[in-house]
Amino acid sequence: DVFLIAVKGSGKALVYVSTELQADREVVLEAMKQDGGNLSFVSKKLRNDREVVMEAVKNIGGFHNYDGFDAKEELGFTFRYASPELQADKEVVMEAVKRNAYALRYASPELQADREVVFEAIKNDGVALRYASPRLRADKKFVMEAVRQNTHVLKYASPEFQADKEVVMEAVKENGWVLQDV
């Protein structure tokens with residue numbers, strides 16, 4: 001089929017196909033293998049298909065700067081099109097945050113409060129602390145562990161922890177330049 005050949009050549013072709021083909025699992029899976037960044041053009045039903053979303057997450061493809069979103073945020077932006085059920089699926093979210101910490105922004109509140117998920121995101125990029133649950137951001141033990149993972153998370157910690165000598169010393173011990181981020 002000509003459309004399957006088109007999406008095999010470029011996942012971006014999914015933008016130009018009919019809504020019927022945007023709901024065709026075979027066509028969509030091939031498009032996600034080429035460039036998962038096109039999840040927004042997939043039918044709502046297939047946005048709830050675990051295999052389709054996992055392919056999208058694994059194959060975010062080249063980064064684009066569109067609609068005011070920068071390249072680092074693209075995966076997070078893409079992940080917002082996954083169904084709420086898959087945004088609450090720990091395995092899918094773990095894969096997404098391993099690839100880009102911004103995906104945590106669209107994870108379910110339960111997973112934004114999951115230490116393992118948030119630590120995985122922080123290992124990728126300290127910005128993830130911004131999307132962690134308020135309970136985790138208010139937990140000194142968690143913030144200390146996060147600072148050990150990535151000293152730059154200090155800028156996303158609460159003012160209370162930015163003024164906490166023990167937390168700041170932990171960050172400075174690893175990276176004296178971190179104070180310029182606060």
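The protein averages a pLDDT of 82, and 79% of the residues score at least 70; pLDDT is the predictor's confidence in each residue, from 0 to 100. This is a predicted model, in which local features need pLDDT of at least 70 and side-chain atom pairs count only at pLDDT 80 or more, while totals for chains, interfaces and linings use all residues. Numbering starts from 1 along each chain as its sequence is written, and side-chain values use heavy atoms, with hydrogens and water left out.

Helices here are DSSP runs (H or I, at least four residues), numbered from the N terminus.

Now to the packing. The axes of H3 (residues 25-34) and H4 (residues 50-58) come within 8 Å and cross at roughly 20 degrees; axes are lines fitted to C-alpha atoms over the stretch in contact, with angles from 0 to 180 degrees between N-to-C directions. That makes H3 roughly parallel to H4 (angles under 35 degrees). On the H3 side, Arg25, Val28, Leu29, Met32 and Lys33 make the contact, and on the H4 side Glu51, Val52, Glu55 and Ala56 (heavy atoms within 4.5 Å).

As for the other pair, the axes of H7 (residues 90-99) and H9 (residues 115-124) come within 7 Å and cross at roughly 15 degrees, so H7 is roughly parallel to H9. Lys90, Val93, Met94, Val97, Lys98 and Arg99 of H7 meet Glu116, Val117, Glu120, Ala121 and Asn124 of H9.

Technical notes. Helix = DSSP H or I, 4+ residues; strand = E, 2+ residues; numbered from the N terminus. Parallel < 35°, antiparallel > 145°, perpendicular 65-115°, else oblique.
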